[in-house]
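Subject: Structure for you, with notes

Hello,

Here is the structure I said I would pass on. My notes follow below it.

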Amino acid sequence: MTFVTVEWSFPECFSQSTIMERNGSNACAFICLYFGQNASQGLLHPRQTLMLPTRWRNSLEQSITQRNNLHDELFDQEAVNLDAEEAVEMAGEDCGVVSLGQQLDLFGTSGKELLARWLNELSSRKKRSCHLFCVSEKTMLLFVDSYGKLYFVDSHLHKDSGALIACAPPSNGSSFANWIYKMMEFHWQTPLTLGTVREVIYG
């Protein structure tokens, strides 16, 4: 959607709601925690080309299938959404979560600008960090690698595609926030006017 953001979309059968012929899922918070654990440990090497590394795809698939199963077991396949604190309380120890850190609240017409500034600040630190991005009962993962690159991981079903992963170069918080804003409006007609971003600290 912008020239600096690279997006990888998976087939419709590859999402938390459709994988292995499922029909729905509310496990997005669990999925983000599990995928974030791999990212926090440096197990997902930065892309070198426009191709998405195979390990990323495999990690996302494993995160979706295992955390869908956990959600089914805990809630007897009921459609229960979880916020960051609830997800960490139930699955944090299994994912190596030590605690939840700082929270950024996004609200009103300034939500996109707040997110952009926050992304640029994180990128400038050049330190791996993972954050749960929660908007309209959907949880996605934002993380930064040790080079300052920005990543967005979304396991949900989208228009004509399944899950997606996006990446932007360091110091491109404004364009990346704009990409997120446009993506949410295009797929879900959800403006970025109310949401939270919560840091997840892994051991």
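In α2, the buried residues are W56, S59, L60, S63, I64, T65, R67, N68, L70, H71, D72 and F75. Buried means under 20% relative accessible area; exposed is over 50%, and partly exposed lies in between (1.4 Å probe, protein chains only). Helices (H or I, at least four residues) and strands (E, at least two) are DSSP runs, numbered from the N terminus.

Before you go further: this is a predicted model, where local features need pLDDT of at least 70 and side-chain atom pairs count only at pLDDT 80 or more, while totals for chains, interfaces and linings use all residues. Residues are numbered from 1 along each chain as its sequence is written, and side-chain values use heavy atoms, with hydrogens and water left out.

The cover over the buried residues of α2 includes α1 (28-40), α3 (84-91), β4 (138-144), β5 (150-154) and β6 (164-168). Contact here means heavy atoms within 4.5 Å.

The length of α2 (residues 54-75) checks out. Its 22 residues should span 32 Å at 1.5 Å a residue, and the end C-alpha atoms are 32 Å apart, which agrees. The expected span is 1.5 Å times one less than the number of residues. Just after α2, D76 has a positive phi of about 50 degrees.

**α1 against α3**

The axes of these two helices come within 9 Å and cross at roughly 65 degrees. Axes are lines fitted to C-alpha atoms, for helices over the stretch in contact; angles run from 0 to 180 degrees between N-to-C directions. The crossing of α1 and α3 is right-handed.

α1 contributes A29, F30 and L33 to the contact, and α3 contributes A87, V88, M90 and A91. By class, the residues of this contact are 7 nonpolar, no polar and no charged. Nonpolar covers Ala, Val, Leu, Ile, Met, Phe, Trp, Tyr, Cys and Pro; charged covers Asp, Glu, Lys and Arg; the others, Gly among them, are polar.

**The sheet**

What is the order of the strands in the open sheet? The 7 strands run β1-β6-β5-β4-β3-β7-β2, with antiparallel pairing. Two strands pair if DSSP finds at least two bridges between them. β1 (6-9) and β2 (97-107) are at the edges, each with a single partner strand, so one side of each has no neighbour in the sheet. On average, neighbouring strands are turned by 20 degrees against each other, direction ignored.

Two of the helices also meet the sheet:

- α1 packs on the sheet and touches β2, β3 (129-135), β4, β5 and β7 (194-202); its direction makes about 10 degrees with that of β4.
- α3 lies across β2, β3 and β7, at about 165 degrees to β2.

The pairings, with an example partner for each:

| Strands | Bridges | Bridge partners |
|---|---|---|
| β1 and β6 | 4 | V6 with C167 |
| β5 and β6 | 5 | D154 with L164 |
| β4 and β5 | 4 | F143 with Y151 |
| β3 and β7 | 5 | F133 with V197 |

β3 is mostly covered, with 7 of its 7 residues buried. S129, H131, F133 and V135 are on one side, and C130, L132 and C134 on the other. The hairpin of β3 and β4 has 2 residues between the strands, and S136 takes a positive phi near 50 degrees there.

β6 is mostly covered as well: 5 of its 5 residues are buried. L164, A166 and A168 point one way from β6, I165 and C167 the other way.

**Helix α5**

α5 (residues 173-188) has 16 residues and reaches 22 Å from its first C-alpha to its last, close to the 22 Å expected. Which residues of α5 are buried? They are G173, S175, F176, A177, W179, I180, M183, M184, H187 and W188. Their cover includes β1, α4 (111-125), β3, β4, β5 and β6. After α5 comes Q189, with a positive phi near 50 degrees.

Best wishes

How values were computed. A crossing is left-handed if the near helix is turned anticlockwise from the far one by less than a right angle, and right-handed if clockwise.
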